[in-house]
Amino acid sequence: MPINKGYLTAKTNKESDEVFTPEYAVKPLVKYIQLYIEKNKFDENNPLIIWCPFDKEFSYYVKTLSQIPSVKVIYSHIDNGENFFYYEPDNYHIIISNPPFSQKDNILKRLDELNKPYAMLLPIPTLQGQGRFPYLKNIQYLGFDKRINYYKDISMTKTQDGVSFGSCYLCKKFLPKDLIIEELIK
């Protein structure tokens, strides 16, 4: 039986956690945010507030989602003293981001505690695991036809080519149906 050496030797530490999502991996969310806005009757006077808890102003989540009509994006980052495990904005409706993968179990637990709709970009193997199983009940899945090459630098010029795992959005109370597979367009 072949062994997935890339997955078995992949780093899961703070250094490997600080990668940046390319715009092409954020864009598939736009149409689902627009559907969510329509379904929940948000508008310019009552915007959908999206919290991006692992992001800074240069994040494609912040830049791309801020362009959607009837959306207000707020962002936070541990570097600014806003630790996701202890910090929560006063007012928001949904959580969207690419969290540090090495903390995925703790993040799923915290998302469950916050009890808000969310879309988190995580490695596909996150779907399996006894420790995180209680937080995966009633999960929604937005998957893709290819792997995402994350940026390794803030200037977003160097990618992690040959990523050893696929990524997906694990969502709760966000998508119009529980299983969606799409083509990623670069």
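Biologist: How many bridges join strand β5 (residues 140-144) to β6, and do these strands run parallel or antiparallel?

Modeller: First, the ground rules. This is a predicted model, with residues numbered from 1 along each chain as its sequence is written. Local features need pLDDT of at least 70, side-chain atom pairs count only at pLDDT 80 or more, and totals for chains, interfaces and linings use all residues, while side-chain values use heavy atoms, without hydrogens and water. Now the strands. Strands (E, at least two residues) and helices (H or I, at least four) are DSSP runs, numbered from the N terminus. Two strands pair if DSSP finds at least two bridges between them. Three bridges join β5 to β6, and the two run antiparallel.

Biologist: Which residue stands opposite Tyr118 in β6?

Modeller: Lys172 does. Tyr118 belongs to strand β4 (residues 118-123), which is joined to β6 by six bridges. β4 and β6 also run antiparallel.

Biologist: Why is β6 largely enclosed by the rest of the structure?

Modeller: Start with the cut-offs. Buried means under 20% relative accessible area, exposed means over 50%, and partly exposed lies in between, using a 1.4 Å probe and protein chains only. In β6 (residues 167-172), six of the six residues are buried, so the strand is largely enclosed. Check both faces. Ser167, Tyr169 and Cys171 are buried on one side. Cys168, Leu170 and Lys172 are buried on the other.

Biologist: What of the whole chain: what percentage of its 186 residues is buried?

Modeller: Buried residues make up 50% of them. The chain holds seven helices and seven strands. Along the sequence they follow the pattern α-α-α-α-β-α-β-β-α-β-α-β-β-β.

Biologist: Which residues have the most contacts inside the largest nonpolar core?

Modeller: In soluble globular proteins, nonpolar side chains tend to be buried together. A nonpolar core is a set of buried Ala, Val, Leu, Ile, Met, Phe, Trp, Tyr and Cys residues joined through side-chain atoms within 4.5 Å. The largest one here has 59 residues, and Ile33, Ile50, Leu65 and Phe174 have the most contacts inside it. Helix α4 gives this core its largest share, six residues.

Biologist: Which residues of α4 (residues 28-40) are buried?

Modeller: An α-helix has 3.6 residues a turn, so residues three or four places apart point the same way. In α4 the buried residues are Pro28, Leu29, Val30, Tyr32, Ile33, Tyr36 and Ile37. Just after α4, Lys41 takes a positive phi of about 60 degrees.

Biologist: Which residues does Leu65 touch?

Modeller: Contact means heavy atoms within 4.5 Å. Leaving out residues up to four places away in sequence, Leu65 touches Val26, Ile33, Ile50, Cys52, Tyr60, Val71, Val73 and Ile96.

Biologist: Now the loops. Is Asn98 buried or exposed?

Modeller: Asn98 is buried, with a relative accessible area of 10%. It lies in the loop between β3 (94-97) and α6. A polar contact is a pair of N or O atoms within 3.5 Å; within protein, one must be able to donate a hydrogen and the other to accept it, and residues adjacent in sequence count only if both atoms are side-chain atoms. The side chains of Asn98 and Thr21 make one of 2.8 Å.

Biologist: And is Asn115 buried or exposed?

Modeller: Asn115 is exposed, at 51% relative accessible area. Its loop runs between α6 (104-114) and β4.
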